[in-house]
Amino acid sequence: MRAKHLIPIVYILFLMLPIYWLIAMSVKTTNEILAGFTLFPQDFTMDNYVKIFTDPTWYWGYINSIIYVSLNTIISILVALPAAYAFSRYRFLGDKQLFFWLLTNRMAPAAVFALPFFQLYSAVGLFDTHLAVALAHTLFNVPLAVWILEGFMRGVPKELDETAYVDGYSFPHFFGKIFLPNIASGVGVAAFFCFMFSWVELLLAKTLTAVEAKPIAATMTRTASSAGYELGLLAAAGTLTIIPGAIVIYFVRNYIAKGFALGRV
Amino acid sequence: MAEIRLEHLRHSYMPNPQGPDDYALKEVDVTWEDGGAYALLGPSGCGKSTLLNIVSGLLAPSEGRILFDGQDVTGLPPDKRNIAQVFQFPVIYDTMTVRQNLAFPLKNRGVAPARIAERVAEIAAMLEVEDMLDTRAAHLSPDNKQKISMGRGLVRDDVNVVMFDEPLTVIDPHLKWKLRSKLKELHQRVRATMIYVTHDQTEALTFADKVVVMQEGEVVQIGTPVELFERPAHTFVGHFIGSPGMNILPGRVDAGQVMLGDVAVPMAGRVAGDGAVEIGVRPEFVELGDTGLPATVARVSDVGRHAIVEARLGDLTVKAKVEGTPPPAGTDVRLSFRPDRTRAYRDGWNVTEDAA
Amino acid sequence: MKTENQKAWFFVLPVLLLVAFNALVPIMTVVNYSVQETFGDNLFFWQGLDWFQQLLNSERFYAALGRQFLFTGIILAIEVPLGILIALSMPRKGIWVPVCLVLMALPMLIPWNVVGAMWNIFALPKIGMLGYFLNDVLGVPYDMTQNPLAAWITIIVMDVWHWTSLVVLLSYAGLVSISDAYYQAARIDGASRWSVFRYIELPKMKSVLTIAILLRFMDSFNIYTEPFVLTGGGPGNSTTLLSIDLVKIALGQFDLGPAAAMSLIYFAITLLVSWVFYSLMTKDDAK
């Protein structure tokens with residue numbers, strides 16, 4: 001091992017330290033936590049996890065989050081695909097302006113949109129539904145998905161389209177059977193980003209939900225304030241929020257480096 | 001400039017090579033003379049790039065030594081070997097101008113600015129790129145980019161060797177011959193030792209004074225283009241060089257006579273030992289006439305100035321290159337092989353003891 | 001070459017409708033609020049540009065804006081060089097690469113309020129690992145609920161922890177796309193390590209770095225959840241960044257007019273800086 005490899009190792013240790021701390025705390029009893037610092041759990045307990053998996057207000061938080069995140073990922077990719085195709089293949093009136101306008105939505109501070117979103121989604125009767133959060137998150141995920149997919153599509157030579165038409169493929173058939181498999185890794189990378197930004201965002205998700213579609217992260221904040229200092233429970237809930245992300249990264253691990261490089265970057 | 005000697009060079013990409021099959025390079029002994037133009041020719045995966053990278057120092061050989069003018073450089077890194085290399089894909093520094101690109105190798109070695117300017121001007125004139133000296137290299141066309149990377153190789157006048165790793169791969173066909181003749185011309189002017197790696201026989205034969213033919217990690221023959229054509233040392237050379245390649249026919253040695261079927265075929269020299277051999281003769285040296293082996297013309301393909309006639313000889317096919325009007329398919333003909341260009345091969349290697 | 005085809009609009013239509021619904025209606029709402037005064041129950045009075053004037057004359061706004069620029073400036077100055085350095089020192093291939101990438105991406109996939117809560121607990125004196133280590137092992141007095149400097153350092157370290165990996169991943173992607181021939185040519189040309197970085201690696205990373213810096217700028221400029229959960233903007237107002245202040249005004253005091261005016265100015269600043277930055281970074285390519 002060379003000396004320069006120490007840098008990423010130290011960095012990863014730095015990243016893992018708070019995560020380790022969270023996990024360690026989640027298997028400690030409240031007494032142990034409040035009694036003072038211990039590096040390893042002295043009094044190992046799974047009570048916090050048992051509580052989360054048996055209390056509907058807790059586990060429904062996870063289910064809600066997963067529902068709207070998946071919904072958002074699907075919607076974002078579905079609408080972004082044809083748009084990215086158009087941007088990568090055609091010139092049309094206002095295309096550049098449109099592209100830039102889409103990107104500006106990625107720059108909008110969520111805080112700016114919190115209140116108008118609340119009113120908008122209440123007005124159309126979607127308040128406190130999974131769909132509301134999923135749609136709201138498309139505000140920043142669709143531009144990003146279009147951006148990433150457009151980059152991948154541009155890398156696919158136009159001759160592919162032309163050959164397919166010469167061979168008598170219809171457009172939908174060509175798109176699904178030939179084109180999509182060619183940009184599969186792009187779709188993977190875009191889906192990863194949509195999942196990520198929808199999963200981690202809370203301000204809008206919290207504003208647009210009350211009971212029915214309340215995300216897990218919001219359940220946690222409520223617990224933190226109402227139930228006093230149940231740090232162990234909070235840590236267990238936090239640990240569980242890391243897991244879906246970890247699973248998703250595991251699936252796209254081979255695309256991460258390659259995907260970024262191929263994309264329109 | 002320097003003479004380059006490779007002694008008992010072997011290389012394996014595996015940590016613990018077992019048999020000869022684990023070696024990408026099996027025992028190479030070559031001497032490249034000072035100022036020569038050499039080509040390293042072979043199909044993809046024959047080990048020629050491995051050999052090149054060992055000479056340049058990008059790769060350390062598993063066994064053997066590399067000597068530049070008798071001095072052992074095996075352990076030296078590329079920048080200490082004083083060599084230059086041009087890669088398959090043009091390597092240029094995008095953010096620099098053409099001038100800065102050409103000056104870069106000199107600047108890194110602390111050459112005086114006046115001398116740098118002088119050399120850059122000289123090389124730019126040779127390459128005919130003076131008018132683009134101040135453009136950003138990123139904006140050049142692929143053939144100009146490749147010219148600039150050649151220029152970076154040639155700009156140092158003290159290099160031991162300039163190596164070219166399939167430098168024309170990304171160049172348009174109509175520009176290929178232009179760059180190739182430019183390269184030949186450059187060699188004559190600077191008289192540097194040059195090694196040109198390629199899988200294209202035309203490139204190798206037109207560029208080099210001497211060609212090293214490689215196959216599966218082995219050097220099968222080193223010779224001038226004429227030698228490779230007239231006296232292939234291995235059936236691979238006969239087959240790989242020439243278009244179409246050499247005819248290789250099964251034969252056997254019987255009491256000193258090489259037999260094709262039951263007919264004795266005269267050879268360029270004596271063939272020792274009895275048993276099965278392969279008879280090799282190039283289509284150029286197969287004559288259609290009134291005497292010789294009876295055969296039937298199966299197919300004729302006209303390729304311009306001459307025609308390739310495929311004749312059936314029993315269940316064998318023999319190709320012949322015919323000037324003038326070829327006989328039509330179905331004609332019965334008689335084939336004769338020019339004796340001084342016909343050789344016997346055993347396990348691929350020439351076993352004919354001819355004058356050469 | 002792209003072909004001219006106006007029918008391409010049909011492909012873009014779904015995106016257009018969706019984003020228009022999400023962006024145009026709320027933006028109009030905000031514009032609407034920004035020029036009116038409300039007393040609840042849908043009573044609105046025309047206010048003109050008063051809110052904008054008031055805001056642009058208020059010290060509170062400039063203080064928050066200043067803190068915002070300071071924060072973004074500091075984290076960019078740390079995360080970008082650090083990210084590049086880490087990407088440069090990572091191995092290019094081998095079984096450890098995917099492991100490293102997955103571990104590095106992990107913090108980015110934790111919900112933002114969990115990140116805030118995690119660091120809040122992590123930094124607690126006596127109980128938290130960081131708080132305990134600093135106070136009881138090193139003897140450095142550290143309490144971010146009391147000391148503004150400690151609060152700032154904690155927020156910055158948290159952001160570095162959270163987002164440096166984005167720069168690492170993007171830079172790394174740029175680095176692995178450089179073919180070996182470039183490094184070999186540089187070695188033969190006798191280039192120094194610095195020259196390799198300056199003339200090969202940096203130019204090749206430029207486009208990914210543009211994205212990384214843009215994303216980091218936008219996201220750090222809009223940051224809300226993590227610092228809010230970590231410090232709540234305190235102690236005092238010392239870590240009240242722009243968006244925290246905005247939410248305080250809009251949802252805390254329910255002053256919709258000033259909040260809306262502030263939103264618009266905020267959005268405009270983000271857009272302007274992003275655009276200037278984007279044009280600067282891509283200027284050379286356009287030529």
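Figure 1. In strand 1 of chain C, C:Glu4 is the bridge partner of A:Arg91. Strand 1 (residues 90-91) of chain A and strand 1 (residues 3-4) of chain C run parallel, with 2 bridges. Strands (E, at least two residues) and helices (H or I, at least four) are DSSP runs, numbered from the N terminus. Two strands pair if DSSP finds at least two bridges between them. The model is predicted: local features need pLDDT of at least 70, side-chain atom pairs count only at pLDDT 80 or more, and totals for chains, interfaces and linings use all residues. Residues are numbered from 1 along each chain as its sequence is written, while chains are lettered from A and ligands numbered from 1 in the order in which they are written.

**Figure 2. The side of chain A that touches chain C.** 2 pairs of chains touch, and chains A and C have the most contacts among them. A contact requires C-beta atoms, placed from the backbone, within 7 Å. Here 78 residues of chain A meet 74 residues of chain C. Helix 13 (residues 231-262) of chain A supplies the largest share of the chain A side, 16 residues. That side comprises 61 nonpolar, 11 polar and 6 charged residues. Ala, Val, Leu, Ile, Met, Phe, Trp, Tyr, Cys and Pro count as nonpolar, Asp, Glu, Lys and Arg as charged, and the others, Gly among them, as polar. Chain A and chain B share no contact; their closest C-alpha atoms lie 17 Å apart.

**Figure 3. The largest nonpolar core.** This core holds 156 residues. A:Ala80, A:Ala83, A:Val146, A:Leu149, A:Ala190 and A:Leu204 have the most contacts inside it. Helix 7 (residues 130-154) of chain A gives the most to this core, 16 residues. A nonpolar core is a set of buried Ala, Val, Leu, Ile, Met, Phe, Trp, Tyr and Cys residues joined through C-beta atoms within 7 Å. Buried means 20 or more other C-beta atoms within 10 Å of the residue's own, with C-beta atoms placed from the backbone. Leaving out residues up to four places away in sequence, A:Ala83 touches A:Val146, C:Phe11, C:Val12 and C:Val15. Another core, of 78 residues, lies apart from it and includes B:Ile54, B:Ile66, B:Ile123 and B:Phe207.

Figure 4. In an unreviewed entry, UniProt lists "transmembrane region" for chain A at residues 7-27, 66-87, 99-118, 130-149, 179-200 and 231-252. For chain C, the UniProt feature "transmembrane region" (unreviewed entry) falls at residues 9-35, 69-88, 95-122, 149-175, 196-218 and 260-281. Such annotations may be inferred rather than shown by experiment; feature names are shortened, and positions follow the numbering used here. Residues 66-87 of chain A are 100% helix and 0% strand, with end C-alpha atoms 31 Å apart. Residues 130-149 of chain A are also 100% helix and 0% strand, and their end C-alpha atoms lie 25 Å apart. In chain C, residues 95-122 are 75% helix and 0% strand, with 32 Å between the end C-alpha atoms. Residues 196-218 of chain C are 100% helix and 0% strand, and 30 Å separates their end C-alpha atoms.

**Figure 5. Chain B against chain C.** Contacts link 20 residues of chain B with 15 residues of chain C. Helix 2 (78-81), strand 6 (83-86) and helix 3 (98-108) of chain B each give two or more residues to the chain B side. By class, that side has 12 nonpolar, 4 polar and 4 charged residues. From strand 6 of chain B, B:Ile83 and B:Gln85 point one way, and B:Ala84 and B:Val86 the other way. All four are buried. Strand 6 runs parallel to strand 7 (residues 161-165) of chain B, joined by 4 bridges. B:Gln85 stands opposite B:Met163 in strand 7 of chain B.

**Figure 6. An open sheet in chain B.** The sheet has 4 strands in the order 2-1-4-5, with antiparallel pairing. Strand 2 (25-32) and strand 5 (71-72) of chain B stand at the edges; each has a single partner strand, so one side of each is left without a neighbour in the sheet. Strand 1 (residues 4-11) and strand 4 (residues 63-68) of chain B run antiparallel, joined by 5 bridges. B:Arg10 stands opposite B:Glu63 in strand 4 of chain B.

Conventions:
Buried ≥ 20, exposed ≤ 12 C-beta atoms within 10 Å, placed from the backbone.
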